[in-house]
Amino acid sequence: MSPNNVKTNILLTGATGYIGGEVLSQLLEHPKFSSFNITALVRSPEKAEKIRALGVLAVIGSHSDETLVEKLASDADVVIATADANNLVASRATLSGLKKRYEATKVQPALIHTSGTGVLCDTAFGKYATDDIYDDLNPDQIETLAPTQPHRNVDLEIVAADKEGYVKTYIVLPSTIYGISTSKLVELGIQNPYSIQIPALIKNSIARGQGGVVGEGKNIWPHVEISEVAEIYVKLLDAVVAKSNPGHGREGFYFAENGEYTFSVLGKRISEVLVELGKGTNRDVTTVSDEDAKVLANYGLASNSRCRANRARSTLGWNPKKTTDDFYGSIKAEVEAVLKRI
C-alpha cells in the first residue's frame, strides 16, 4: 500500500479472540512483520501489556466505543475486524474512520471484515438437507440473500461503503470453525483457544450423556480448521499490500470451508466419544428436546448452511489441507476440553 520505506498501518479488533488471536499469531510470524505497524484494540490491561511485549501497539478499549474505533480506523491503511460479526455500530464507526482516512490521503484503505456462513442459514430444523449451495464467485447468487439473514445487515452496509468508493472491502465468512488453537498467543494467555459452535453442542450432549441433534439431524454445514481460516485473512492482507486487487465489494465475499458435515454423523461421533470417556452409555444419537432445540438453533445447529470457498482458492491461492475426517477426528479433544471447563 505504501513505498517500501513506509510501514503499513494495521488495526486489528478481536485480537484476544479465537479468530483474531490466530490471525495475530500468524502476522507475528509473517516474513514482512517488520513492515507492519499493528495496533490491537483489547479490553484487558493485562493482555494489552502482553501484546505490547510482542512488538504490537495495544490500545485498551471496546470496539463498541464509536469515537475510539473511528479514531483508530482513521489512522489505518488496513482494518482487520474479527470482534463481532453483528455489531453494526462498530462497523459504522470503522467505516466512518476509514472514510476520513481516504479524505486525508486520497488512497483507498481496506477493511477485512468477519461475517459467517450463518448468513446462509435456512429453517430446516434438522428435517432435511438442502440442495442450495452458495458459490462466492457468484455475487449475483449472494445478493439473493435476504437482508434479514444473520450478519446480513452489517455485510450490506460494508458492501455499500465499497460502492461509494472510499474503501475496498473484503468479507471473510467462516463456517463451523474447529480445532483447539495452540498459537503463540494461547501459550502466552492472550487468546481464547476455543470455538463456540461445536462446544455448544458438546455441552448439551454431556448434560444428557448422549450426542443429540435437532429434529432428524439431516442438516449440513461446512467446516474449516482454525489455523487455516486465519490464513485467508493473512493472504487477503498480502494481496492488499501488494496491490494485486483481489475481488472486493460485491465481489469481495470469501467463504471459508474445506468440506461439509452432517449433524446426525456429528451427534453419533459425540456419543461415541462420551462412551469412550465414561460419560455416556449409548453410542447412538438422539433428538434433543424442543427447549434444547431452540437454544441450539441460536448457534445455527438446526439449519443448513452450504457453500464453496472458490474465491479464496482461485484468487488468493488458499490451499487448506484439513478434511472432513480431520473435523470428525477433532471431536474427542473438543469433548475433553469442554469437560475440563464445566
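The largest pocket holds about 970 Å³ of space. A pocket here is an open set of points on a 1 Å grid over the protein atoms alone, where a 1.4 Å probe fits and protein lies on both sides within 12 Å along at least five of seven lines; its volume is the space filled by probe spheres set on the points, which are joined across faces, edges and corners. Of the 45 residues in the lining (those with an atom within 4 Å of a point), I19, T82, A83, A85 and I196 sit closest to the pocket's centre. Two or more lining residues come from each of α1, β2 and β8 (176-178), and α1 gives the largest share, with 3. Helices (H or I, at least four residues) and strands (E, at least two) are DSSP runs numbered from the N terminus.

A word on the model: it is predicted, so local features need pLDDT of at least 70 and side-chain atom pairs count only at pLDDT 80 or more, while totals for chains, interfaces and linings use all residues. Residues are numbered from 1 along each chain as its sequence is written, and side-chain values use heavy atoms, with hydrogens and water left out.

Now for the sheet. Seven strands make up an open sheet in the order β3-β2-β1-β4-β5-β7-β11, with parallel pairing; two strands pair if DSSP finds at least two bridges between them. The edges belong to β3 (57-60) and β11 (253-256), each with a single partner strand, so one side of each has no neighbour in the sheet. On average, neighbouring strands are turned by 15° against each other, direction ignored. Angles are taken between axes, which are lines fitted to C-alpha atoms (for helices, over the stretch in contact), and run from 0 to 180 degrees between N-to-C directions.

Strand β1 (residues 8-13) is joined to β2 (residues 36-42) by 6 bridges, in parallel, and L11 stands opposite T39 of β2. Helix α1 (residues 18-28) packs on the sheet, touching β1, β2, β4, β5 and β7 (168-174), and its direction makes about 160° with that of β2. Contact means heavy atoms within 4.5 Å. Helix α3 (residues 66-74) packs on the sheet as well, touching β1, β2, β3 and β4, at about 175° to the direction of β2.

Strand β4 (residues 78-81) pairs with β1 over 4 bridges in the parallel sense, with T13 opposite A81. Another 4 bridges join β4 to β5 (residues 110-114), again parallel, and here A81 stands opposite H113. Between β4 and β5 the chain crosses through helix α4 (residues 88-105), and this β-α-β crossover is right-handed: with the strands pointing away from the viewer, the path from the first strand over the helix to the second runs clockwise. Both faces of β4 are covered, V78 and I80 being buried on one side and V79 and A81 on the other. Buried means under 20% relative accessible area, exposed over 50%, and partly exposed in between (1.4 Å probe, protein chains only).

Finally, two loop residues with positive phi. Most residues other than glycine have a negative phi. K106, in the loop between α4 and β5, has a phi near 65° and is exposed at 61% relative accessible area. F125, in the loop between β5 and β6 (134-135), has a phi near 50° and is partly exposed at 38%.
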